Amino acid sequence: MATHIASVYDEDLKYLTRRISEMGGLAEQMVAESVRALVNSDLALAQKVISDDAILDDAERQIGEKAIITIAKRQPMAADLREIMGSIRIAADLERVGDLGKNNAKRVIAVSSASLPRQLARGLEHLAELALVQLKEVLDVYASRSPEKANSIRERDGEIDAIYTSLFRELLTYMMEDPRNITPCTHLLFCAKNIERIGDHATNIAETIYYMATGAQPVGERPKDDTANTVGAIGT
Amino acid sequence: MNIMTEAAVEKALDQKMNTVSHKMVGKDVSVYYGEKRALFDVNLNVRENTVTALIGPSGCGKSTFLRTLNRMNDTIESCRVTGRITLDEDDIYDPSIDVVELRARVGMVFQKPNPFPKSIYENVAYGPKIHGLARTKAEFDQIVETSLQKAGLWNEAKDRLHEPGTGLSGGQQQRLCIARAVAVSPEVILMDEPCSALDPIATAKVEELIHELRANYTIVIVTHSMQQAARVSQRTAMFHLGNLVEENDTDKMFTNPDDQRTQDYIMGRFG
C-alpha cells in the first residue's frame, strides 16, 4: 500500500505493528514455558512466567494509548482505521493469552506436589503444542496480512477442541480411580481449559486479521469440537 | 414550529428511504472550459431526501459537477455542458427551462458566507419577493421567521432582524445564507464547502442543520473534510481527474471503499 503523505503517521502505525509482534513473541514464550514448568515441576520457571505477565500487561496499555492518540490526531479512515482498531483487539487477545499462561504457571506448585502419570503430562504437552502452533502461525499471518491464511487458521481450531475434550475424559477417569488425584487433576483440567482458550484467542486474532485485511467479517461459524461441556450428560 | 425531533426525523426518513427515488439524475455529463475538459461522462444520481457528499482532491471536478446541477456554470462564458441532467425527470438544460425558476428549485450555499449588504430580514425576504411567493407584510414576516427557524438562526436573530446581515458572525452569516436558500422553498440545496470558513462550533451547528434539513430537502454537498462527509452524508461520490471513480453508501465508503483511488485519498496516502 502507498505510504502516507504525513510520514509520521506511518511511523505511528509501524509502532503499533512492532509492539504487537513483540507482545506475540512474549505471549508465545510464556505459554511454552508455563507448560514446560508444569511438566517438569519447575518452580523457578513458573515464577518467571508469572513475573513476565506484567511486561505483557504494560505493552497492552501502551498499544491502547498509542492507538487512542493516533485516532485523535489523524482521524484514520478505511484500512487505517481497521488497522488501529485491530491492533487494540489483538493486543487484548494477546494479553489474555499471557494471563492464561500465568494462570497455568501458578498451578505448578499445587500440581508438582502430586506425582502425575507421564501419559497425562504428555497429553497436556500435545495440546499445548497445537495451541502454540496456532499462535505462532497467527503471528506470522499478522506479519503477512494474508486473509486466506487467516481463514485456514480459523478452520483448524476444531482440532484443539477435540483434544481438550479427550483430555477432559481422561482426567475424569484418573479422578474416579483414586480420590487423591482429584486435586491435581482438577488443576490440570483448568490448565487444559486455559490452553484450549489460548487456541480460541489465536482464532480471534485470525478473525481480526481477516477483518483488517478485507474489511469484511469472516463468513460462517467457526468449527467447534469442544464437547466437554456435555460430557457426563445423559446419553453421552 | 417546524423543528422536528430526532426520532421524528429518523422515522420520516426511514419511510422515504425504503423506496429509493432519484431527485436528480446526471447521465453522461461532461463539462468543458474552452478546450479543457473538466468532467468525463459522469453518471451520478442524487437520491431524494438524502445528503450526497462529493469528495476528491482539488481540481477533480466535484464543484464543477455540483454547479451543473443548477446551471451555475452558465455564468462562465467558455463553459459547455454535454449529457443530460434531469430534475424530477425534466431536462434542466432544455431551452424551455427558466433558469431563474430552476435556481429557486435548486438552491445553493457557497463556501464563503455571502449575505447581501442588507438587513437580516431583507436577506431572507429577497428571494420570496422576486419570485412573488408572498404579498403582504404578514406573509413575508412568516416566511422570514420560518426560514430563520429552519436555519437554526431565529433565536439569535429575532431581536435584530433589521440590522445588517454582514454584522453577524461568520457561522451566523452562513446560516443566514442557508435561511435565504430555504426561503424560496427549494427542493434541492447545493452546498459548496459550506463550512470551510467556519470554526468547529459553527461547523457543528451547520452540520446539525444539514441533518435536520434532510427530512424536507435533497442535499448535495462538496467538502474537503473527509470527517464531515462521513458525518453528514448517506451517500458519497468520489471524483478524481474529472471522473466519478466510486459512488457508495457513506458507511461503506469510509470503512471499506471499493476503489483503490478512494482508499488512497481518504486515508491520505500517495496514490
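**Close-ups of a predicted model**

**View 1. H5(A) against H7(A).** The axes of helix H5 (residues 147–155) of chain A and H7(A) come within 8 Å and cross at roughly 155°. Axes here are lines fitted to C-alpha atoms, for helices over the stretch in contact, with angles running from 0 to 180 degrees between N-to-C directions; helices are DSSP runs (H or I, at least four residues), numbered from the N terminus. So H5(A) is roughly antiparallel to H7(A) (angles over 145 degrees count as such). The residues of this contact split into eight nonpolar, three polar and two charged. Nonpolar covers Ala, Val, Leu, Ile, Met, Phe, Trp, Tyr, Cys and Pro; charged is Asp, Glu, Lys and Arg; the others, Gly among them, are polar.

This is a predicted model: local features need pLDDT of at least 70, side-chain atom pairs count only at pLDDT 80 or more, and totals for chains, interfaces and linings use all residues. Residues are numbered from 1 along each chain as its sequence is written, while chains are lettered from A and ligands numbered from 1 in the order written.

**View 2. H2(A) beside H3(A).** Helix H2 (residues 43–74) of chain A packs on helix H3 (residues 78–112) of chain A at about 165°, axes 9 Å apart. That makes the two, H2(A) and H3(A), roughly antiparallel. Their contact has 16 nonpolar, six polar and seven charged residues.

**View 3. Around Ala131(A).** Leaving out residues up to four places away in sequence, Ala131(A) touches Val31(A), Ile160(A), Ile195(A), Ile198(A), Gly199(A) and Ala202(A) (contact: C-beta atoms, placed from the backbone, within 7 Å).

**View 4. Chain A meets chain B.** Here 13 residues of chain A contact 14 of chain B. Chain A's side brings eight nonpolar, four polar and one charged.

Technical notes
Angles under 35 degrees count as roughly parallel, over 145 as roughly antiparallel, 65 to 115 as roughly perpendicular and the rest as oblique. Two residues are in contact if their C-beta atoms, placed from the backbone, lie within 7 Å.
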